[in-house]
Amino acid sequence: MKSTDAPGSVPRTFAVLRHLAGADGKGLRLKDIADAVGLPPPTTHRLLTSLAAEGMVERLPGTKLYRLGLDLFALAARAGNPMNLRELCRPALLRLTGSLGETIFLLVRSGFDAVCIDRTSGLLPIRSFTGDIGGSVMLGIGQGSMAILAHLTSPEQDEVVRYNLPRMRDFAGFDEAFLRTEIARVRKLGFSDGAQGLIPGMAGLGVPILDPDGRAVAALSVGSTTDRMTPERNAVIAEILKNEAQQIAAKLNPFDPTLRRAGAAMEIGG
């Protein structure tokens, strides 16, 4: 019985995986998956359990929702573009620091925060919210972080704003009206330059790296001093960063686990 049934389990397994892939990481209930692929719930549950044991599927903590697992993305990445985001962006960071003489940061989203997964140091010592590689800052604070937030979907923005506003108590003037106005302004401009003065003497500018749907998966940002970031120079820097971000976006590996979890970038990138 097992020998005749085993071949049939392969297409059923892939039917489950393909349906989960269409959920865009949001997670689906067992019943919804079973109905969509035309299998009984017990059979679907057995498939999901087996896939979860191999890391191909995961259950969202505290819920009954299933989504594709990180191991599946890592496996798919090896079959496609072998470079992860950090490796892909490294030449751009070096070019930008070389041409601008400024410190450049690469940030990715991690929940309600942005995490620095790489940086190149410019001519001047600077202070930043993320500090060194591995540091994080809440979405909405700082140029790269705001560039990401402004280019998420509206429901994602609403969720982030609700969660992060209470965390912004220490930043004067950061109420919901200001935050939403800044999000709209940055989205219209295509870059963020509005955080000057939050760290005394420091300034900068950030642009998003967008996926094919126009959603931010990462950001490039410049960190410098206020006297170097004049409006005229900002306009030039914004165009340079946008050009680099567009080139990176064209080469993104959609299976790169970095685009789902910031920590994976540092694990895989070394």
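This is a predicted model: local features need pLDDT of at least 70, side-chain atom pairs count only at pLDDT 80 or more; totals for chains, interfaces and linings use all residues.
Is S221 buried or exposed? S221 is buried, because its relative accessible area is 5% and buried means under 20%.

View 1. S221 is part of strand β8. Beyond its neighbours within four places in sequence, S221 contacts T103, I104, F105 and L107, and also G144, L205, G206 and L241.

**View 2. The largest nonpolar core, with 28 residues.** The members that touch the most other members are L85, L106, L205, I209, L220, L241 and I248. Two or more residues each come from helices α5 (85–100) and α9 (231–250) and from strands β4 (103–110), β5 (113–120), β7 (202–210) and β8 (216–225). The most is given by α5, with seven residues.

**View 3. Contacts of I209, a member of the largest nonpolar core.** Leaving aside neighbours within four places in sequence, I209 is in contact with C89 and L106, with R215, A216, V217, A218, A219 and L220, and with A245, I248, A249 and L252.

**View 4. Another core, of 27 residues, apart from the largest one.** Among its residues are V137, L139, M146 and L179. In soluble globular proteins, nonpolar side chains tend to be buried together.

**View 5. The whole protein, for orientation, with ten helices and eight strands.** Of the 270 residues, 47% are buried. Among contacts with a separation of 6 or more, 59% are between residues 24 or more positions apart. The accessible surface is about 13500 Å², and carbon and sulfur atoms account for 57% of this surface.

Terms used
Residues are numbered from 1 along each chain as its sequence is written. Side-chain values use heavy atoms; hydrogens and water are left out. Helices (H or I, at least four residues) and strands (E, at least two) are DSSP runs, numbered from the N terminus. Buried means under 20% relative accessible area, exposed over 50%, partly exposed in between (1.4 Å probe, protein chains only). Contact means heavy atoms within 4.5 Å. Accessible areas come from the Shrake-Rupley method with a 1.4 Å probe; for residues, only the protein chains shown count as cover. A nonpolar core is a set of buried Ala, Val, Leu, Ile, Met, Phe, Trp, Tyr and Cys residues joined through side-chain atoms within 4.5 Å.
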